[in-house]
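Dear colleague,

Please find below the structure that I am handing over to you. My notes on it follow directly after.

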Amino acid sequence: MKELVSILDGNTFLVSDRRGDIEPSLDFPTGLFTFDTRFLSAWRLLLDGERLSALSIDDAESYRTRYFLVPGEPTHFLDTKVSVIRSRVIGGGFDEELTVLNHSGQDATFTVRVEMAADFGDLFEIKDTQRKKGHHTVKVEENALRLAYRREAFHRETVIRSSEPAEIDKAGMTFSIRIGPDGEWTTRLTVSTIIYGARGEDARTRLPLGGSRTTAAIQAEHAEFVAKAPKLGCDCEPLAGAYRRSLNDLAALRYESISLGVRLMAAGLPWFMTLFGRDSIITSLQVLPFLPELIPPTLTMLAGLQGVRLDDFRDEEPGKILHELRYGEAAGFEEQPHSPYYGAVDSTPLFVILLDEYERWTGDTALVKRLEYAARAALAWIDTYGDLLGTGYLWYQTRNLRNGLENQCWKDSWDGISYADGRLPSFPRATCEVQGYAYDAKLRGARLARLVWNDPQYAERLEREAAELKERFNRDFWLPEKEYYALALDADGRPVDALSSNIGHLLWSGIVDESRAPRIAEQLLSPRLFSGWGVRTLADDQGRYNPIGYHVGTVWPFDNSIIAWGLWKYGFRAEAGRICESMLAASRYFEGRLPEAFAGYERDLTEYPVQYPTACSPQAWSAGTPLLLLRVMLGLEPQGEHLIIDPYVPPGMGRVELLDIPGRWGRVDALGRSRDDQSSR
């Protein structure tokens, strides 16, 4: 059973234990958070001075949950004459309804106590507790407790009110209650979060949604969101369950940006509840055929925050697309560079790729024209600041030597890029998949230049540069003795020879020579990389392999969805189908919700996918994975005014039917049935 329970609405989320209590944790951010600040760090319920134990939890919906509790230890359950139900819902702040039920035939008196505290910790401070530089205050008001934190202009407050009279002190609220025979008592606790802006009011009040929403409003919006998506009919329950869960999670992860007031997709609970360049773009690519209306706000926001200057602290450069945007104290006082931070080498070419893919699906040339300057600036960055060594490749090395990211590709942990023997290469580094993204971005930029921007000379130049990059890449990155592409080049131009999942992204980008594609497909589905549950981030015979290492042996669902897409593009339909089947089979063990990552153990060793201990869940690009897998299985590909449908459904999955797919061609249906043959080409 889950030890922690979370509910969320946008980037407001609450993480508690199975009793519904909040207690400080150094391993995982427990508490009530919104816009990167913790507004509740303690929330403990006691009945007659005793903690409670959980009988059951109802958490089927992302934004509300109920806890069924009894006092004492589980061994005493049979003798209890009282139980408690905690019903809570989130939306800007959160409401909790406490109900105490007297199961005896006599009057009973109880003391209900809720202990409350707010440390206003920044998410960056949770694992590495830091001494706060501002001032905390606690004020007891009439039927309310006001907890506040101020550091110069940074001002946050938590206000807690009760619907029933309470004894209030600076550490919580106490209720002395009498309940009749077989009766019940209820109070509603309302927790409001306040983010003060320059005008002395909550900065969210000027946004369209106003920062706080009712349960009915959240429920209606989720229902509307899901209703817009195509309708799935299939014989495979894991696919149906994963599709339903993904749509619900994607609905829940949308939040309202303070800066522009547009709806954006948060990357993942708990650590990444904000806009990310790479994550937001890849999620957009995954969901585009299903929910195209999500894409323009993301593209517009990324373009609006595109780099315009050289800023070493933020790793900012002209034309560069951001990596991460934060709203908390650490970013506001420049203790962290995330306001925004640009430490990603891949978000810039991915921006151009998404812009083109969006136009191909929707025909929305107006947005492409509006973002022409941003797209050209991104393409220019690839050839200037991105090419640190002047070799025609995209390299990365942080400008921020104090707290910038060392690895700036998607495997951005400190040991995510290594040689086969486990050594770490020098900087700068040029990872293989990023060269594929640059190649694809140039071709897609050429298409937009020719068809929308009316600049055929620019298009020809980009196509020529893409062809030269492909030739150069296949010469310098290919390892003939190993028969796969190097993970990266080091600062001296030597191949970093580890076998990794990154080579699957090369198929997606199209930079792989046709003659080498079969060997890449074989490597990806070999026992070295393929666990049976999916492709590992690093092959199991490499020096740094660890089945529970963040980027060195775990299986990432989003990674596998991109790999499946790449296999499909090169005609390896059965191989793509194996990955689709493995991901959907794994989703059954996570109640339909694929996590950020899970362990790389062999499928026949565990019989179920082993959880990664601190994986984000839900996470946007994991929620987007089932949608992209559906696109792969049904063979959906836009070509001009038409949608090509060429299904290959893995054996045993039966019928897969997707109705009402939106796009420039209107709304169409696609039907596929599983095949018995395993041939790939």
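Which residues point one way from E5, and which the other way? Ala42, Arg44 and Leu46 point one way, Trp43, Leu45 and Leu47 point the other way, and all are buried. Here buried means under 20% relative accessible area, exposed means over 50%, and partly exposed lies in between, with a 1.4 Å probe and protein chains only. Strand E5 covers residues 42–47, and six of its six residues are buried.

Before the remaining findings, a word on the basis of these notes. This is a predicted model, in which local features need pLDDT of at least 70 and side-chain atom pairs count only at pLDDT 80 or more, while totals for chains, interfaces and linings use all residues. Residues are numbered from 1 along each chain as its sequence is written, and side-chain values use heavy atoms, with hydrogens and water left out. Helices (H or I, at least four residues) and strands (E, at least two) are DSSP runs, numbered from the N terminus.

Strand E5 is paired with strand E10 (residues 108–117) in the antiparallel sense over six bridges; two strands pair if DSSP finds at least two bridges between them. Within this pairing, Arg44 stands opposite Glu115 in E10.

There is also an open sheet of three strands, in the order E17-E27-E28, with antiparallel pairing. Strands E17 (231–234) and E28 (666–673) stand at the edges with a single partner strand each, so one side of each is left without a neighbour in the sheet. Neighbouring strands are turned by 15° against each other on average, direction ignored; axes are lines fitted to C-alpha atoms, for helices over the stretch in contact, and angles run from 0 to 180 degrees between N-to-C directions. Four bridges link E17 with E27 (residues 655–663), and Leu232 has Leu658 in E27 as its bridge partner. Helix H17 (residues 625–634) packs on the sheet and touches E17, E27 and E28, its direction making about 105° with that of E27. Contact means heavy atoms within 4.5 Å. E27 and E28 are joined by seven bridges and by a hairpin through two residues. In E28, Arg667 is the bridge partner of Pro662.

Turning to the helices, H9 (residues 432–451) and H11 (residues 502–509) pack at an angle of about 10°, with their axes 8 Å apart. The two are therefore roughly parallel to each other, a term used for angles under 35 degrees, with over 145 being roughly antiparallel, 65 to 115 roughly perpendicular and the rest oblique. Among the residues that meet are Cys432, Tyr437 and Tyr439 in H9 and Ile503, Leu506 and Trp508 in H11.

In helix H12 (residues 517–524), the buried residues are Ala517, Ile520, Ala521, Gln523 and Leu524. They cover an arc of only 160° around the axis, which puts them on the same side of H12; the arc is that of the directions from the helix axis to the C-beta atoms. What covers them includes strand E21 (478–479), strand E22 (484–485), H11 and helix H13 (557–569).

Lastly, Ala380 is found in helix H8 (residues 372–383) and is partly exposed, with a relative accessible area of 38%.

With kind regards
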